[in-house]
Each structure stands twice: as structure tokens, then as C-alpha cells.
Amino acid sequence: MLPDTFLGRMPDALARLRAAGQRVVTAESCTGGLLAAALTEAAGASDVVCGGFVTYSNSMKHHALGVPLKLLEEYGAVSREVAAAMAQGALGHAPDANLSVAITGIAGPGGTTPGKPVGLVWFAVAGSGTVHTVSHNFAGERWDIRTQAVRAALGLLLDHAGRLAAE
């Protein structure tokens, strides 16, 4: 599981999301549900976390989240376009959520394609009518990449919640 030092931050993270009036849904590929697991580690998570989708295969991305097959074929699962579609699809399939985060990447050791190395992870946060995407290239072994991706996704959620709270 994730390190205790990281999980110990969850009550504060949930409080910040709660204060911003956010109800979160996750759409995860390479992290396989680790973000949802981390968010729900703290008591009281149910008033902030609606649920999550683990869509490891392209078929699941398409069928569970409505990611268009054209995007998957044209850009590949690890892309800005697919991350954005995953985040929007998660929001569309979670009626109580107003904020989503999507994670899609290559945790390795295989799975690379030209221009997409091990460690490349795309993120998208959708809410308030906007979608923000960002990529990171993480180093390390498979577990390192997955845990770094969870940390980055949580940071994106908190940044978004912070902007909303400031408005």
C-alpha cells in the first residue's frame, strides 16, 4: 500500500476538498485504483469521494467512461486527449460528483511506444466546466511511477479545490 506519511495527509486533503464543496470521482488506468484507495483511507471520505473507475483497458475506457474509440486509435491511451475524455466521462457517469481526476500512463517495465517512454503519465482534472491536463515523466520502477502518479493527481485535485475556495 501507499506510505503512511502519504496516507497521513488524507484527512487534511479531504478537509480542503470538503471546504471547497467538492465531490470527487476518479478515473484511473496505470494506478489501478490507488488514488481512490488513498482518498478513502481516511474516515469521513464518503462525503467527499463519490467513487472511482479503474479502466485499465481501452475497451473499459470506451465502455465505462465513453472515451471515443477514435481518440484511442488516433492518440493512444496515454495522451492528453484520452486523459481529458476520461475525466469528462467520469463526471458524466457520477451524478453526485462535481470534480474528477483521470490518470493514464505507462508504469512499465513494458508498454512503451515511440515518443511514449516508461514513466509518462497524463492527468486531467475536470470540474466547473473546465478540463485541465498535464503530463509528467516519472523515474523509477513500476511501483515508484504509480505512487508518484497518485501524489501528483492528489496535488492537482487540491490545486483545483484551492482555486475554487479562493473564488
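Contact, in this talk, means heavy atoms within 4.5 Å. With that in hand, take Leu-39. Leu-39 touches Met-10, Leu-14, Val-24, Thr-26, Ala-45, Val-49, Leu-154 and Leu-157, leaving aside residues up to four places away in sequence.

Some ground rules. This is a predicted model, where local features need pLDDT of at least 70 and side-chain atom pairs count only at pLDDT 80 or more, while totals for chains, interfaces and linings use all residues. Residues are numbered from 1 along each chain as its sequence is written, and side-chain values use heavy atoms, with hydrogens and water left out.

On to the core. A nonpolar core here is a set of buried Ala, Val, Leu, Ile, Met, Phe, Trp, Tyr and Cys residues joined through side-chain atoms within 4.5 Å. Buried means under 20% relative accessible area, exposed means over 50%, and partly exposed is in between, with a 1.4 Å probe and protein chains only. The largest nonpolar core has 36 residues, and Leu-35, Leu-39 and Phe-123 touch the most other members. Which elements each supply at least two residues of this core? They are helix 1 (4-7), helix 2 (10-19), helix 3 (34-39), strand 3, strand 4 and helix 7. Helix 7 gives the most, with ten residues. Helices (H or I, at least four residues) and strands (E, at least two) are DSSP runs, numbered from the N terminus. There is also a second, separate core of 23 residues, which includes Ala-77, Val-82, Ala-83 and Ala-85. As background, nonpolar side chains in soluble globular proteins tend to be buried together.

Next, the aromatics. How many aromatic pairs does a search of the whole structure find? One. The partners are Phe-123 and Phe-138, edge-to-face, at 6.3 Å centre to centre with 85° between the planes. Phe-123 lies in strand 4 and Phe-138 in the loop between strand 5 and helix 7 (142-166), so the pair ties together parts that are 15 residues apart in sequence. The criteria: rings of Phe, Tyr and Trp (its six-membered ring) pair if their centres lie within 6.5 Å, and planes under 30 degrees apart count as stacked, over 60 as edge-to-face and the rest as tilted. Both Phe-123 and Phe-138 are buried.

Now the pocket. The largest pocket has a volume of about 220 Å³. On a 1 Å grid over the protein atoms alone, a pocket is an open set of points where a 1.4 Å probe fits, with protein on both sides within 12 Å along at least five of seven lines; lining residues have an atom within 4 Å of a point. Grid points are joined across faces, edges and corners, and the volume is the space filled by probe spheres set on the points. Seventeen is the lining count, that is, 17 residues, with Tyr-56, Val-78, Gly-105, Ile-106 and Ala-107 nearest the centre. Helix 4 (58-65) and strand 3 (99-105) each supply at least two of the lining residues. The lining divides into six nonpolar, eight polar and three charged.

Two residues in helix 4. Ser-59 lies there, and counts as partly exposed at 42% relative accessibility. His-63 lies in helix 4 too, and at 61% counts as exposed.

A cis peptide bond joins Gly-108 and Pro-109, with omega about 5°. Pro-109 sits in the loop between strand 3 and strand 4 (120-127). Ser-128 has a positive phi of about 55° although it is not a glycine. Ser-128 lies in the loop between strand 4 and strand 5 (130-137), and is exposed at 53% relative accessibility.

Last, Thr-40. Thr-40 is in the loop between helix 3 and strand 2 (49-54). At 45% relative accessibility, Thr-40 is partly exposed. Thr-40 touches Ala-45 and Val-49, not counting residues up to four places away in sequence.

How values were computed:
Nonpolar A, V, L, I, M, F, W, Y, C, P; charged D, E, K, R; others polar.
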